[in-house]
Amino acid sequence: MNVTSLGRILVVDDEPKIRSFIGRALASAGYATDFAGSGSDGVRAGLASRYDLVILDLVMPDLDGRQVLGKLLTARPDQAVIVLSCVADVAAKVDLLEHGAQDYLTKPFSLAELLARVRVRLRDEGHLLVPPLAPPQSSRPSRPPAWHAIGEVLRVGDVSLDVGRLVADVGHGQVPLTRLEFLLLRELAEHAGEAVSKERLLASVWGYDFDPGSNVVDVCVRRLRSKLGFELIKTVRGEGYQLVAR
């Protein structure tokens, strides 16, 4: 497969670990990727070459993302840009979208969500994406997915997750969650009934190059259990964690 057929992407972020993590994910998904480690380098790269998409950090030490966005769109008004930021303020998101960004994703982000938004942006820009391989045939009867969305609420069994408000309800009333707790619970909900490894949870929820020996997943699981009940998340020895959907 020619990787450039899926699109050419410029990643502008001053944190090497984030650039490396995003770059590996994009390369594995079939995208050609270039990098810039500062806002000024991002402007130079974005003006020197034509990119199907720019993934742009908002907070950088030289030129911030707003300035980079403005310079890129002044020269290339049709440039597609996804902004990444640790700033979760709604007004900041609206401001960036009104100034021409196509999307805004708050750090820490889910890797699966980033790749999904990349695919949407490139599809909206009219790129012809290579169709995915057909899934292998199975003799087992098909079954509906374990979780589904109703508006801004995701449901799996007796668990509901309110995306907009970051709250969970397991039948005893709504419980507020931190963003990381919410992302972890959502990842487990998307694989309800299956064991999800700590390595996968680190990659998809935290989105950074944590040491696989890190205990941040275990700590977050303990917090979720204390809030929602110990029986909700089961430890599968040697495999990871599993959401018990009833």
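**Reading a predicted fold**

Visitor: Let's start with one side chain: is Glu187 buried or exposed?

Guide: Glu187 is buried, because its relative accessible area is 5%. The classes are buried under 20% relative accessible area, exposed over 50% and partly exposed in between, with a 1.4 Å probe and protein chains only. A word on the source: this is a predicted model, where local features need pLDDT of at least 70 and side-chain atom pairs count only at pLDDT 80 or more, while totals for chains, interfaces and linings use all residues. Residues are numbered from 1 along each chain as its sequence is written, and side-chain values use heavy atoms, leaving out hydrogens and water.

Visitor: Where is Glu187 placed, and which residues is Glu187 in contact with beyond its neighbours within four places in sequence?

Guide: Look for Glu187 in helix H6; helices (H or I, at least four residues) and strands (E, at least two) are DSSP runs, numbered from the N terminus. Contact means heavy atoms within 4.5 Å. Setting aside neighbours within four places in sequence, Glu187 touches Arg200, Leu201, Ser204 and Val205.

Visitor: And the chain as a whole: how many helices and strands does it have, and what share of its residues is buried?

Guide: The chain has 8 helices and 12 strands. Of its 246 residues, 45% are buried.

Visitor: Now strands, please. In which sense do S4 and S5 pair?

Guide: Two strands pair if DSSP finds at least two bridges between them. Here strand S4 (residues 81-85) pairs with S5 in the parallel sense, over 4 bridges. For one of the partners, follow Ser85 across to Thr106 in S5.

Visitor: Which residues of S5 are on each face, and are those faces covered or open?

Guide: Strand S5 spans residues 103-106, and both of its faces are covered. Asp103 and Leu105 are buried on one side, and Tyr104 and Thr106 are buried on the other.
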